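Subject: A structure for you to explore

Hi there,

Here is the structure I promised to pass on. Have a look at it first, and then read my notes below.

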Amino acid sequence: MNYFKEIECDVLVAGGGVAGAAAALSVARKGKKVILTEKATQLGGLATIGLINFFVPMCNGRGVQIIKGMADEFLKLSAKYSYDTIPDVWLKGEPGFGKTNVRLTSRYSAPIFSLVLCKELNDAGVEVMFDTVITDSKAENGKTRYVTLFNKSGFIKCGAKIFIDATGDSDLLHFAGVKTVTGGNYHSYWAFKADLKSCQAAVESKNIEKLTSWITGGGANLYGGGHPEGKPLWDGTDGDQVSKYFIENQLELLGKLNEEDRKERDILELPIMPQFRTTRHIDGDYTLKEEDAYKHFEDSVCAICDFDRRDYLYEVPYRTMVRRDCENIIAAGRCASGEGYGWDVLRVIPPAILTGQAAGDAAVLAIDNNKNVAEINVKELQNILESENVMIHFKDEWIPEKIIEDRDENNGHF
């Protein structure tokens with residue numbers, strides 16, 4: 001292949017969603033040369049160009065913030081230049097256990113958050129390559145030597161010591177021949193809409209957040225409610241399926257708009273990426289499952305909470321991000337290994353940021369110690385993450401009493 005140019009870096013981060021942004025920042029802040037590639041022209045992925053502008057609950061539902069670290073940093077960044085919906089009870093910090101049942105969440109301006117992420121990465125010295133896709137990779141004996149990139153300049157050969165796959169689709173892992181797992185997606189599609197009523201609400205409340213609402217093409221929810229009967233799930237790894245997904249959903253959306261007065265509403269923004277939840281992820285050395293709630297893992301890189309249910313707590317093993325037979329690729333965000341509802345808990349915005357942060361720190365450790373990414377000193381990684389305000393293990397005192405009773409009745413098993 002004729003390459004336009006050849007480039008080198010310490011760490012290549014593939015994918016500029018929140019996980020990739022966190023990974024790249026972690027690497028850059030430790031003085032390594034990092035390149036981040038993004039196929040779109042904005043950062044943030046589903047959290048911005050995917051129009052899922054919502055930090056899901058980052059607390060246990062009882063006044064204790066579980067998800068911290070760079071996720072907390074990004075939450076504050078999302079509110080720095082735009083509106084936010086952080087509950088009043090959380091504005092002065094963590095209320096404390098039993099002090100509130102109000103959960104720590106926030107909406108934000110998706111485009112502005114994308115701009116803020118661009119500033120943060122640029123200020124940190126991350127080399128961002130927009131409008132750039134991965135087309136291939138060269139791997140030998142479990143080690144990736146380089147990836148082939150393509151943008152307006154042509155094909156580019158990029159070598160790195162460590163590669164972080166934060167594409168959301170495990171494209172880098174797939175091209176490197178690493179074992180992955182493919183999922184299916186419900187018929188869902190959201191766009192940003194404004195109408196005269198929302199304009200009036202924004203003016204009367206003096207709050208621009210009231211301007212925007214969601215309107216759907218396909219309206220299936222997280223659990224499949226509203227998915228058309230008999231319709232196969234969407235395969236987000238198939239190019240023909242992706243095109244068909246957009247066509248069907250955009251036509252459905254247009255049909256819904258046609259039922260409204262054309263002078264009283266407008267579409268503010270359409271998603272410029274598929275709003276798939278699960279496409280392809282690493283078949284990791286460990287796979288997080290729903291029944292892993294309340295379990296402690298020696299190799300945990302962060303504690304996270306269930307966004308949909310109070311009190312449910314998880315720890316994310318480092319093994320969900322790596323494979324022993326893959327020497328120098330780390331998975332982050334939606335590329336980490338989970339199944340069933342365990343996958344849903346793992347993939348959303350705040351946990352994705354934390355696995356990105358952990359991936360960046362792990363990459364630096366692997367480089368500094370000349371180690372396979374699966375063989376780094378996890379305790380050292382945990383110490384670094386804790387110094388960055390990441391909660392590694394949740395406290396057992398936060399586990400509901402009923403759960404403890406059930407565990408005791410089942411010989412120590414939850």
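Strand 7 and strand 8 (residues 154-165) run antiparallel and are joined by 6 bridges; helices (H or I, at least four residues) and strands (E, at least two) are DSSP runs, numbered from the N terminus. Two strands count as paired if DSSP finds at least two bridges between them. One place to look is Val147, which stands opposite Cys158 in strand 8. Between strand 7 and strand 8 there is a hairpin with 2 residues in it.

Before you go on, please note that this is a predicted model, where local features need pLDDT of at least 70 and side-chain atom pairs count only at pLDDT 80 or more, while totals for chains, interfaces and linings use all residues. Residues are numbered from 1 along each chain as its sequence is written, and side-chain values use heavy atoms, leaving out hydrogens and water.

On its other pairing, strand 7 (residues 143-151) is antiparallel to strand 6 (residues 133-140), with 7 bridges. Val133 has Phe150 in strand 7 as its bridge partner. These two strands also form a hairpin with 2 residues between them, and Asn141 in the turn has a positive phi of about 50 degrees.

Strand 10 (residues 188-195) is joined to strand 11 by 5 bridges, and Ala191 has Ile215 as its bridge partner in strand 11.

Now for two other helices. The axes of helix 2 (residues 69-80) and helix 3 (residues 110-124) come within 9 Å and cross at roughly 120 degrees. That is why helix 2 and helix 3 are called oblique to each other (angles under 35 degrees count as roughly parallel, over 145 as roughly antiparallel, 65 to 115 as roughly perpendicular and the rest as oblique). Where they meet, Glu73, Phe74, Leu77 and Ser78 in helix 2 face Phe113, Val116, Leu117 and Glu120 in helix 3.

Phe74 turns up again in the largest nonpolar core, which has 87 residues; Phe74, Tyr318 and Ile330 have the most contacts inside it. Such a core is a set of buried Ala, Val, Leu, Ile, Met, Phe, Trp, Tyr and Cys residues joined through side-chain atoms within 4.5 Å. Helix 8 (residues 349-369) gives the largest share of this core, 12 residues. A second, separate core of 22 residues includes Ile7, Ala176, Ile282 and Ala331.

Finally, is Thr279 buried or exposed? Thr279 counts as buried, because its relative accessibility is 1% (buried means under 20% relative accessible area, exposed over 50%, partly exposed in between, with a 1.4 Å probe and protein chains only). You will find Thr279 in the loop between strand 12 and strand 13 (280-282). Not counting residues up to four places away in sequence, Thr279 touches several residues, including Gly168, Asp169 and Arg334.

Enjoy exploring!

Methods: Axes fitted to C-alpha atoms, helices over the stretch in contact; angles between N-to-C directions. Contact = heavy atoms within 4.5 Å.
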